[in-house]
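Student: I am new to this structure. Please show me how to read it.

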Amino acid sequence: MKTSKYLKVTALTAVLAVGAPTAASAEALTLCWAAWDPANALVELSKDFEQQSGIEMGFEFVPWPNFADRMLNELNSGGKLCDLLIGDSQWIGGAAENGNYVKLNDFFEAEGITMDDFIPATVTGYAEWPKNTPNYWALPAYADVVGWTYRKDWFSRPELQTEFKGKYGYDLGEPESLAQLKDIAEFFQGRDIDGKTVYGAAIYTERGSEGITMGVTNALYNYGFEYQNPDKPYEIEGFVNSAGAVEGLEFYKELYDVGAPPGSSNWYMSEDIDAYKSGQVALQMNFAFIWPGVNADPNVGGDRTGYFANPPGPKGHFAQLGGQGISVVANTDNMDGALAYIKWFAQPEIQARWTEMGGASAMRAVVEAPGFSDAQPYNQAFLNSMAIVKDFWAEPAYASLLLPMQDRVHKYVIAGQGTAKEALDGLVADWTEVFEDEGLIK
Amino acid sequence: MSMKKPVDRIAKATPPAFANRVRALSDRAIAWLFVGPSIVLLLAVNIFPLIWTINLSFTNFKANRLRDAEYIGLRNYERILTDVDTWQSMQATAHFLFWTIFFQVLIGFALAYLINKKFKGNDLWTTIIVLPMMLSPAVVGNFWTFLYQPQIGLFNYVIEFFSGVDASSFSMIGSVTLAPWAIVIVDTWMWTPFVMLICLAGLRSIPDSIYEAAECDRASKWRQFWTLTVPMVLPFLMLAVLFRGIENFKMFDLVVQLTGGGPGNTTLLTSIDLKREAFEKWRTGYASAYAVILFVTVFGLASIYVKALNKVKER
């Protein structure tokens, strides 16, 4: 009898012990994002929210190469891991239509949060679905865009300047066009600098996720590529594979052939950073989130690096949009807490601190504040870049659109198989099939 | 006081009702009682998913979408079998399978033959040789990407040292012609020890008396090798080929880490292609049809092979 009594007490204690964290979890939130520097800054920033609200913040950060796979699986399986998700801009269509995100219009209205306070491109890119309609599924959280860094210290060497001018007929400096950018990359390719062989440009070539698409679009847009007929949605023949688009793709291949380091056939953000910081390349294509880290780097930071927006091409001036919005996951058990976090995060003073701590606010009050453009050596390039952004498809079937583009472009640019025209014609066929499957075209 | 036998104790401990019930069952019923749970498990885990996959393969179902699936007949099969990219990935898989098995059997058997000879440090060498297969494929893939780096990679420097070809002038995983061989080299490096161990088991199972008899008959070493060693190790070798064939047909992690399927689609093996269709593009119906085609292919090939293996064993 005595033993049985003890067992009952022990079991009750165990139940209470297991139950205790469950009870506490009602006052806890889990925020999911990619594992990168800004995420660490957000952990620090969120301590203020914890103090104010008494809600404990937990974080689930996934490395970039697995981020989409992991998080989309989580959403699709109706998981409860995340209460808040800072998801990629391209997920918004699927997450909205599949009911994975909470629509925030009523909440924004009730709390006086207006999208007019944010950079318009980020609202369209990170928050709206369908695009260009006032239906909001996220609050712009992290403004990002593809831009370039270059070795200012190498560019300023008199002997290199003289040689460059003699060869190309203009001064070595920030390129004014994509054609000039290629010249510079070619000029530095295989060059001996301080006894070390260096190369032209670290560009995006990664095949497995989204890398080469995020890179090549910076050339395609500026040579005339369009996702669709602006007057007739989903009509892509002659837009995706226009003569300009073909030229843009040929340009990217040439840039890879004449200016990219050997072995850079599968590079994305981290490989580009490594190549630049280790002094292997003169130019680096990368999202602007890396710029604070480059600026602080003991080897290449400070005056040794300059920053510029993606240069224009013959038919336009655009740059690939990056960045994310923060959404409330529809499956959350702590809806009030999640919305309270969004409300707290949308405050101008929090947004200002977010930028100071290493984030990148999309709030106009922050980026348009006097002195912002000079506060950091890369801020002006960031503003210039954010003014010219364009984004990939954000359709629910975005992954089905992204992967054929990865395949087609990688095959042509890196493997050198076929022609640019064949690659883009193939892409038109692939995308048409996807649109047919989705019932978007007959 | 008499000591009871253990069996009597167990018999006595069995509840009478259960014992009576069991006694009333036929041998066949008891057999079903034992086999039943396994069959239920097999049906739930293998057969039902297979039937469900076949069913899905005739639909346009997408696991990440809320809309209902529609039956589209053989459309998925038609698309897959007429898709040039699918055939390319089949070719890439065939290339990978053939050459990895070829090199692994050749080198694995040679190593086993050497290790089988008694020499000093035999055990130490065996341990060193089997080390690669103890590593995680993801780790192996990752560090070989560094070894293959044109600027800092050891592999390129070794090639430069022996051939005089500039290390930074070629990229093993970035070149269309070299990448298929790059994955063959890594898989061979990693899994040859496995084949070696199986061959070693085969070699050690041959009784010394057979060789002694051959010596008495004045058979040369070469003849002993071809008429005794090879035929007696052959069933083991064929088993190794079967294991490696099945493993490499579903190869995924190592190649994803090394090349991600690139450059282009050069190293896009069917398993990687299937995973992308199923869990990246979320074309569940299409991916199911793809899986069925692969299943039929592997099942057909494996059946033919197992028949051949049984014939060899019977000899």
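Predicted model: local features only at pLDDT ≥ 70, side-chain atom pairs only at ≥ 80, totals over all residues.

Student: How many helices and strands does chain B have?

Tutor: Helices (H or I, at least four residues) and strands (E, at least two) are DSSP runs, numbered from the N terminus. Chain B has 14 helices and zero strands.

Student: What is the radius of gyration of chain B?

Tutor: The radius is taken over C-alpha atoms, and the globule rule is 2.2 Å times the number of residues to the power 0.38. Chain B has 27 Å, whereas a compact globule of 315 residues would have a value near 20 Å. Its C-alpha atoms fill a box of roughly 90 × 75 × 40 Å along the principal axes.

Student: How many residues form the contact between the chains?

Tutor: Two residues are in contact if their C-beta atoms, placed from the backbone, lie within 7 Å. Chain B gives 27 residues and chain A gives 20 residues.

Student: At what angle do helix 19 and helix 20 of chain A pack?

Tutor: Axes are lines fitted to C-alpha atoms, for helices over the stretch in contact, and angles run from 0 to 180 degrees between N-to-C directions. Helix 19 (residues 398–413) and helix 20 (residues 420–437) of chain A pack at about 165°, with axes 9 Å apart. Therefore helix 19 of chain A is roughly antiparallel (an angle over 145 degrees) to helix 20 of chain A.

Definitions and conventions: Residues numbered from 1 in each chain as written. Chains lettered and ligands numbered in written order. Parallel < 35°, antiparallel > 145°, perpendicular 65-115°, else oblique.
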